[in-house]
Amino acid sequence: MISLLIFSKDRACQLDLLIRSILRFAPGLFSHIRVLFEASNEDFMTGYYRVQSMYPGLLFSLEKDFEQDTKSLIGDSERLICFAVDDIFFYREVQLTFQDIR
């Protein structure tokens, strides 16, 4: 399966839109969704806390060291990994399956 790692900084609303669009238009595409986020102040952090509470099944990690955090989240496995940023979204159903990628 494909794992997704989303990078986000100070844009919790855009992150929410991306996650909602994945769940609506590509619900079976990713086996794991992880979010590496950074907030420059408490107001932005509050937004991320809200998004995190809306999606308890996703792994959210606060960025401390980008390189090390990214390596830690993807691990050493040989699975397929997709990287995304918080300002994209799906707008129609994805017809792609894991078998199509192989």
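In what order do the four strands of the open sheet sit? They run β3-β2-β1-β4, with parallel pairing; two strands count as paired if DSSP finds at least two bridges between them. Keep in mind that this is a predicted model: local features need pLDDT of at least 70 and side-chain atom pairs count only at pLDDT 80 or more, while totals for chains, interfaces and linings use all residues. Residues are numbered from 1 along each chain as its sequence is written, and side-chain values use heavy atoms, with hydrogens and water left out.

**Confidence**
- The protein chain averages a pLDDT of 91, and 92% of the residues score at least 70; pLDDT is the predictor's confidence in each residue, from 0 to 100.
- Helix α2 (residues 42-54) has the highest confidence, at 98, and helix α4 (residues 98-101) the lowest, at a mean of 60.

**Sheet and helix**
- Helices (H or I, at least four residues) and strands (E, at least two) are DSSP runs, numbered from the N terminus.
- β3 (59-62) and β4 (80-85) are the edge strands of the sheet: each has a single partner strand, so one side of each has no neighbour there.
- From one strand to the next, the twist averages 20°.
- Six bridges join β1 (residues 2-9) to β4 in the parallel sense, and F7 has V85 in β4 as its bridge partner.
- Helix α1 (residues 12-25) lies across β1, β2 (30-38), β3 and β4, at about 160° to β1; axes are lines fitted to C-alpha atoms, for helices over the stretch in contact, and angles run from 0 to 180 degrees between N-to-C directions.

**Cores**
- A nonpolar core is a set of buried Ala, Val, Leu, Ile, Met, Phe, Trp, Tyr and Cys residues joined through side-chain atoms within 4.5 Å.
- The largest one has 22 residues, of which I6, L15, I19 and F60 touch the most other members.
- β1, α1, β2 and α2 each give two or more residues to this core, and α1 provides the largest share, five residues.
- Neighbours within four places in sequence aside, I19 is in contact (heavy atoms within 4.5 Å) with I6, V51, Y55, L58 and F60.
- Another core of five residues lies apart from it, including L5, F7, L73 and I74.

**Cysteines**
- Zero disulfides (cysteine sulfur pairs within 2.5 Å) turn up in a search of the whole structure.
- C13 is exposed, at 64% relative accessibility, while C82 is partly exposed, at 29%; buried means under 20% relative accessible area, exposed over 50%, and partly exposed in between (1.4 Å probe, protein chains only).
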